[in-house]
Structures are given as C-alpha cells and as structure tokens.
Amino acid sequence: MDPVTDARALVEEMFPGALYAFVGGSVLTERRTSTSDLDVVVVLDGLAAPYRESLRWRGWPVEMFVHSETSLHAYFDKDFGRRRPSLARMCAEGAVLADRTGGRASDLQSALGERLAAGPGGLTPDQAERARYVLSDLLDDLAGVTDAGEQAFIRWEVVQEAARTALGVGRRWQGSGKWLLRELRAHDPELAGELLAAHDDPVRLAAVASGVLERAGGRLWEGYRAEGDPFHQPLRHVPAGRLSGDTAQSSGMRRLAAISGATAGSTRLWMGQTHVAPATRSSDHHHGASETAIYVVSGTPAFVFLEDAEEVRIEAGPGDYIYVPPYVPHREENPDPSQEAVVVIARSTQEAIVVNLPGLAG
C-alpha cells in the first residue's frame, strides 16, 4: 500500500473541494511500522469549526485534522508557543495531496520549514531555573526512594525531564511520548542512548541526568525562588489625550490604544477605542487568540459574522455590549451617513492582534 496514493484518494472522495491537504508523519519515513497511521491535514474554505477524527481507509488507520486556514494558523501558533510543533511538522515535512489555491500549500511548507529550522529560541532565565530545580528535585527523590514502584515512576520522570532540559538548553523543539525521544535523538543521539541505557539503573541514571544539569548551570534546589508578587504594583494613569495610534489597524476604522504593554505595562490585557467613520465598514478580520469585549459609546455600529455559512448582522447602539470569541472572522460597519461610531474595546492579550482576511470565511 502506498500511503500518499491512498491518502490522496481519501481526500478526493471525502473532501473534493479542499483548498489543500497534506499527509505526514512516520508513515512517510523509515520509521514506518505495521501500525503507522496516515496523518492527514485538510484545509477547507469556510469551515465553521476545526475537528479531529479517527477512521479507517483502505486498511489504513487514519488521523484526520480538518481546518480552515484561520484555525490552521491558530493551531500552529499554539504549538509553537508550547515548543511542540507537531501539526507544523505534519504539513512542512509531509506530501501535498491537493492544492486548489495556486501554490499556497507549497508556500506554507516553505514558511513552516524555515520556522522549524530556526528553532524555538532559548529558555528565559526563569524557565532555565525552573528546569534545573525540577530535575534537581527529582534526583533527590531518586536518591531517597525505597519503594520499588515509586522508584520506577521517578526514573521515568528523570529520563523525560533530563531530555526536556537538554532540548531547552539546546534551543530545540520539544515533544511528548515517542516524539520527545525523536527530538532528543536528532539533537544529541549520544545523550538519548545514555538515558535509555541507564533507565533501569538509578545510580547510572542519576549520573547521566547530573551531566545534563551541568549543561544547564548545575543543580538548583536550596535557594531556588520563583518571584511573583501581583499585589503591590503601582496603578497607571493614561489620560484621554495620550491614547496611542501605534497599534494594529484595519482599513475603514481607526484604533487607539489606552491600556497595553507599551502604555501601561499590562501583560494579559489590551484596551482602547475604535472609531468607525460614517457610512463605512472595516475589512474582514479576526483577533487571533484574543477574547474581545466591546462597549458602544456612540453611534449605531453593526457587527457582521458568519453562522452556518450565512451572514449574521448585529445592530448595536450606545450602552450595548458585544463579545467576539477568539479567531472568529467578522467586521464592523457604520451605516449612519453622518455620525461616527465610537466603541471601547477590551482584549485578553497584551497587544491588539488584528489579522486582516480576504473574507468572512477566513
């Protein structure tokens, strides 16, 4: 059975209108086994909600990952943020099964390949100290444990934390399960072999893990302190005349930042004003992972989005509130030919994320 041929037939039958699709994973490599599945990523135009589905096709176990372009990039961002880019690897290193977009699939593979090759960057000082502390604490547990069952679990935790610490210090991507081992083998095959060989020998394992700790800066337990005092911060005052226009924008509207990382040092909140000129509309857009709350100050703005592939229009007035969930494509309109619409916006991210789109379908 050829995995690419069979995966392409699956997409043609189940998703004949797909924008593009990939098949990836171990099945395309020398690591393929008798139980390897087809990891198939399908991108559809206007999909209301992404989903994952397990099924069988021509004798293959199949894992389907079905997305819109908007949700696909949202999942990429999430995986890159946690240093585990599994979906990005499927697409970047997989085979293109279909592309009805004139080349966006291959362009995406190139962009993802560059991002994967660049790596996740180094650990922050706090992350590095935390990694050292966790592994040091586990080694103390391993030295003192007397219960055979507990020791077995601790040994496995030491193996995993040593691997994660080495990958973090080495500015490499992480993984879980078999992918943790694969990432470590790609980064440091000698260490991977040492950890596997020492897994059943607590003395030998402690020596290997201690070597990883030396790479990270040495053992850290006594004196470790995780700072965090959110209770004694100064208040910040942003006068009305000091709102900043240096923020993300969409055509047809003007945004002014009031509370942000730049203006007030916020870490999880953005707040500001949006002005929509008379008889105008914004471009279609979404706000990434941000939750958005909107309070209408003046005017009669309308908010437009898709539900079951049909446009829905919310007419609002002064005193009304609107909630926009993360990644939902929408636009703001001001049908009034003479009065500007002004709203106050609060978002759950430090800065105003605005992703402009070609349409509400994403």
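Me: Buried means under 20% relative accessible area, exposed means over 50%, and partly exposed is in between (1.4 Å probe, protein chains only). What kind of model is this?

Reply: This is a predicted model: local features need pLDDT of at least 70, side-chain atom pairs count only at pLDDT 80 or more, and totals for chains, interfaces and linings use all residues. Residues are numbered from 1 along each chain as its sequence is written, and side-chain values use heavy atoms, with hydrogens and water left out.

Me: OK, salt bridges. How many are there?

Reply: The count is 15 salt bridges. Each one is a side-chain nitrogen of Lys or Arg within 4 Å of a carboxyl oxygen of Asp or Glu.

Me: Pick one. What does Arg155 pair with?

Reply: Asp200. Their N to O distance is 3.6 Å. Arg155 sits in helix α6 (residues 148-169) and Asp200 in the loop between α8 (189-198) and α9 (202-216), so the bridge ties together parts 45 residues apart in sequence. Helices (H or I, at least four residues) and strands (E, at least two) are DSSP runs, numbered from the N terminus.

Me: Is Asp200 buried or exposed?

Reply: Asp200 is exposed, at 60% relative accessible area. Arg155 is buried, at 10%.

Me: Next, which residue does Arg331 bridge to at 3.3 Å?

Reply: Glu311; that is the gap between the closest N and O atoms. Arg331 is in strand β14 (residues 330-334) and Glu311 in strand β12 (residues 310-315), 20 residues apart. Arg331 is buried at 6%, while Glu311 is exposed at 52%.

Me: And what about Glu333 and Arg331?

Reply: Their side chains also form a salt bridge, at 2.7 Å from N to O. Glu333 is buried, with 10% relative accessibility. Bridges with shared partners join Asp284, Glu311, Arg313, Glu315, Arg331 and Glu333 into one network.

Me: New topic: holes. How many cavities of 30 Å³ or more turn up?

Reply: One, in a search of the whole structure. A cavity is a set of points on a 1 Å grid over the protein atoms alone, where a 1.4 Å probe fits but cannot get out. The largest cavity is about 40 Å³. Volume is the space filled by probe spheres set on the points, which are joined across faces, edges and corners.

Me: Which strands supply at least two lining residues each?

Reply: β7 (270-276) and β15 (341-347). β15 gives the largest share, three residues. Lining residues have an atom within 4 Å of a point; among them are Met253, Phe303 and Glu332.

Terms used: On a 1 Å grid over the protein atoms alone, a cavity is a set of points where a 1.4 Å probe fits but cannot get out, and a pocket is an open set with protein on both sides within 12 Å along at least five of seven lines; lining residues have an atom within 4 Å of a point.
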